Amino acid sequence: MPAPRVTAVAEASPAALAGLLVGDELVSLNGQQPRDVIEYQQLTDVGQLDVMVRRAGSDLARRVRVRKEEGQPLGLEVSTAVFDRVRTCDNHCAFCFIYQLPKGMRRSLYLKDDDYRLSFLYGNFTTLTRFTELDAERVIDERLGPLFVSIHATDPAVRAAMLRNPKGATSLRWLRVLLEAGIEIHGQVVVCPGVNDAAVLEDTLCGVLDEYPALATLGVVPLGLSRFSNEPDMRPHTRAEAAAVCATVADWQEIYRSTLGRRLVYLGDEYYLMAGIDFPPAASYDGYPQHENGIGMVQAFRDAFAGDHESAHGVRSGFFAWVDGAPAEGYRAPTTGPELAPLDGPDDRSDDRPIGVLTGTFGHEVLAPLLAAHPRADVRTVRVENEFFGGTIGVAGLLTGPDLARVLAAEPEGHRYLLPDACLSQGRFIDGSAPDELPRAVEIVGSDGWSLRCAPKMRRHFTNPNAPLAMVQMAPGTFLWEKR
Ligand code: SF4
């Protein structure tokens, strides 16, 4: 198993005072080799730590003794979150967006992970088809929740067919095991019209009530289709089909409420836009438990725009998105590179140039009426059609350099152009180009600002991890996730 490599040492931290350096390989921590940053965090939470370190240019490991308070961060960042191999997915879903990417993009985009640790760390969805008895023991013993599970259908035959993997028929047994052990789990159904909508969706929502009533929440989202899909059975929803999904979910919210005392199921924002139906009130999202997955973002954004930050900030923003030692690189990279400092939003009155807010077609539908009603008349949305991906892709998180360049070239000079950071990963668009290659200067605005963000299916690769979290040890083995 490769040893984690140090990529950053915090100034004046216990690690720095003990002499640990960038580039060091951490061979063992108190005699144990951590498999991932979860174990790393547990091993480094102690007061006294012997670190076996292999330094560049030397094959021999040396021992470094670190003295610190119990629970005090060691002060290192390491090169990856999983030190043994990331468990890759053995499914072949026709709706998988990774198969719908053009060739030649950066390698990390093609990583199909199905690893419960990345579900815990970053909120990635897992199908549990590669989950094992040992994994279940670890999740339950270490209380590794919440986890995020792709359900898609509770009918075993339908699920196996959707995942194109016979294990899809049986892997939800782990869902039951984990729920019975009290692990918090959020589910997702990606709806493909003609495959798992209509009667199959009804059956799935009924199956959840029958078999998995302890599920914390269930998100129902539409498939995303790019022009690179070559799956004959995958197609966009018609407006009527989208409206039918809205009605089904609304009915089941009532059924769940009357039987379980809570709504349990929530619908992806795209559905309301596709169906032309107004969004339900903010209160009906119950604190936005699946905000990161594109559920309730519009309503939370509207609230924030109206000045109700209390409501909008009820959102859950990931779980291990930032923790001492855990980088997102390879799984979920920070959106902006170090050279791109987020700027003030359009309330910055020191600059009175007109403002154009760049956004995708979905974001435009939501933002345009809000900005039209805004007292400042010179703020407008700049709608960017996603010709790069085509298909149904209208979210701001998948905007690309070529599309932005085409639209910006036709916009006047001398205006301010705001760009949501959701479409960047380490300062680059998904196509690999950078904001400074655009024909107009743009200002990158953060996730608390103006973005209506990513496609849930692609979330693992692009999104901002949102507000950083810190893991705080409350007692040995008990951790609390806390917003910084
Ligand atoms: S959608 Fe998820 S589970 Fe299906 S093939 Fe893609 S990565 Fe695997």
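Me: A salt bridge is a side-chain nitrogen of Lys or Arg within 4 Å of a carboxyl oxygen of Asp or Glu. In this predicted model, what makes Asp84 and Arg117 a salt bridge?

Reply: The closest N and O atoms of Asp84 and Arg117 are 2.8 Å apart, and the cut-off is 4 Å, so the pair counts as a salt bridge. The pair links distant parts of the chain, with Asp84 in the loop between β5 (76–78) and α3 (116–122) and Arg117 in helix α3, 33 residues apart.

Me: Why is Arg117 called buried, and why is Asp84 called partly exposed?

Reply: Buried means under 20% relative accessible area; Arg117 has 4% and is therefore buried, whereas Asp84, at 24% relative accessibility, counts as partly exposed, because that class runs between the 20% and 50% limits.

Me: What makes the length of α12 agree with that of a helix?

Reply: At 1.5 Å a residue, the 12 residues of α12 (residues 361–372) should span 16 Å, and the end C-alpha atoms are 16 Å apart, so the two values agree. The buried residues of α12, including Phe362, Val366 and Leu370, pack against α9 (269–275), α10 (297–305), β10 (355–359) and β11 (379–383).

How values were computed
Residues numbered from 1 in each chain as written. Predicted model: local features only at pLDDT ≥ 70, side-chain atom pairs only at ≥ 80, totals over all residues. Heavy atoms only, no water. Helix = DSSP H or I, 4+ residues; strand = E, 2+ residues; numbered from the N terminus. Expected span 1.5 Å × (residues − 1). Buried < 20%, exposed > 50% of the residue type's maximum accessible area, 1.4 Å probe, protein only. Contact = heavy atoms within 4.5 Å.
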